[in-house]
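Please open the model in your viewer and keep the selection tool at hand. The tour below goes from stop to stop, saying at each one what to select and what is there.

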Amino acid sequence: MDLFLHLCIMSLIYIIFALSLNLEVGYTGLFNFGHVAFFGIGAYTSALLTLHHFPFEISLLMALFLSGVSGFLLSLPSLRLRGDFFGIATLGFGEIIRMAFQNEVWLTKGPMGLPGIPKPKLLSIRFATLPQYLLLTLGFATLTFLILRGIIRSPFGRVLKGIREDEIAAEALGKNVYRFRIKSFVVGSIFAGLAGVLWGHYTTFISPNDFTIIETVLVLLIVVLGGKGTEWGPILGAILLIFFQESLRFLRLPPEYSRYLAPLQQMIFGSLLILMMRFRPEGLIKERREHGCLS
Amino acid sequence: MLELRGISKAFGGIRAVSNFSATVEKNKITGLIGPNGSGKTTLFNLITGFIQLDRGEIFFRRERIDGFPPHEIAHRGMIRTFQLSRLFPKMTVLENLLLAPQRQKGERLWILFLQRQKIRFEEKRNVEKALSLLEGVGLSSLKDELAENLSYGQQRLLEMIRLLMADPEMILLDEPTAGINPLMIRKIMDLILKMRELGKTFFIIEHNMDVIIECCDWVFVLDHGEKISEGTPPKIQNDPRVIEAYLGA
């Protein structure tokens, strides 16, 4: 039972993480390869503040704020670049942030990581047990889904899709492509930060090794597998991949084989991505033709 | 309406447009013709801010607009089309139209969740306008079809009514009738003439002389980036310099 609850919580956290990336990759056409940076900034900010006895509400808000601000600062120069170059810039940013976690020992304790992150207490309710934490993540995931869906279904979201389809035509029709992209990127970063906060307080221990490019690949795979540019695709993708990934961990293998598990998992993920790209590039859920009207 | 003063642009050693001056009068249809590679599209790119000028000045409604980014120029009421149709392929016909209106409230992220009523109202009005425009050109049955599934002629027609949705003062068309059948050409020409009656100003690149003769009030002729002639269509047709440029005699 506990295992099931654990899988549900992890899935919900990755649903938030994947939905935030879907706004950028699926709807705006921004291939962000450094999305894990904002996950990490959220996790570290909230962890550090609560470890210094700030209330969770303030830590959470600061974490979202800092994720958004760093997203904004990164987007200013990098969104001047085109497609592939933008991807490379974000890739670099992801690594820079990880190196910062690793080397700013005075703040982050470096490779030692931050142990003992307290369970959150929101509006004087403590979310300590697994069912309680599940409720908390479910609440935040629902909120994230509703807010992002509201954005996607609005005229603003329509412009994002237009930019994804043909940025020159969008610009010619009077849309400030650069500004729209920045906004999309900042919103995506904020929600990635939220996922990071929830993850940090859940595992109670974070270290720089948790925020490698592998995490970005995983969340990108979730979005692509589930169906980018769809409302439900990332949710389906997150559930499938997290259940698969976490259940591998509990596979009872003889000890001499268990060290092959992690590389094996990455090989499976890699092949999965290739197979998807080849046979079903639109993902498990196909992009629906949506009406432009507000729901 | 639009005034170009001595504008020049070179790409490396090639002088794409050199010292071009022209005035496009309000509520007129002005043509721009010239052999392939004579700099017509470059000129459009310069006017609409997609390429920056080397020298010269551009005034639109008495305001200097050279150096502005394309979306700023669109906001000021000048919108262009491209040589090949540029729709949003994976969006529906209706969505393509709804993207066009300028300065929509619902396109501002910060008020999305605060002014839902106003945005919904604006959206409803835009949908109604889009549907009636589709009705007018006989495309209403395709409103939920993806734009990429339309025939090329239908795509060009959709592009024209997208301009009507955007409702600019001045419209720059880059070969609006290239590669489509005579029936569709007729439809597009009728739309242009009707929009002129509604007070719009046109600047059109066109190779089809029938279109030029029927629609245009004034024509500029470009060759190797320089203006070699201007005048009314009949005058242009008999200008020996124009004939020489085209036939290379």
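Two strands are said to pair if DSSP finds at least two bridges between them, and helices (H or I, at least four residues) and strands (E, at least two) are DSSP runs, numbered from the N terminus. Residues are numbered from 1 along each chain as its sequence is written, while chains are lettered from A and ligands numbered from 1 in the order in which they are written. This is a predicted model, in which local features need pLDDT of at least 70 and side-chain atom pairs count only at pLDDT 80 or more, whereas totals for chains, interfaces and linings use all residues.

**Stop one: a sheet in chain B**

Select strand β3 (residues 29-33) of chain B together with strand β8 (residues 201-205) of chain B, which run parallel and are joined by four bridges. Within this pair, I29(B) stands opposite F202(B) of β8(B). Now widen the selection to the open sheet of six strands, whose order is β6-β7-β8-β3-β9-β10 (chain B) and whose pairing is mixed. At its edges are β6 and β10 (226-231) of chain B, each of which pairs on one side only.

R61(B) is not a glycine, yet its phi is positive, at about 50 degrees. Is R61(B) buried or partly exposed? A residue is buried if 20 or more other C-beta atoms, placed from the backbone, lie within 10 Å of its own, exposed if 12 or fewer, and partly exposed in between; R61(B), with 14 C-beta neighbours inside 10 Å, counts as partly exposed.

**Stop three: two helices in chain A**

Select helix α10 (residues 213-226) of chain A and helix α13 (residues 261-279) of chain A, whose axes come within 11 Å and cross at roughly 35 degrees. Here axes are lines fitted to C-alpha atoms, for helices over the stretch in contact, and angles run from 0 to 180 degrees between N-to-C directions. Residues are in contact if their C-beta atoms, placed from the backbone, lie within 7 Å, and those making this contact include V217(A) and L221(A) of α10(A) and F269(A) and L273(A) of α13(A).

**Stop four: where the chains meet**

Finally, show both chains, whose contact takes 32 residues from chain B and 24 residues from chain A. On the side of chain B that touches chain A, α2 (70-75), β6 (78-80), α3 (93-98) and α4 (116-137) of chain B each supply at least two residues.

Definitions and conventions
Contact = placed C-beta atoms within 7 Å.
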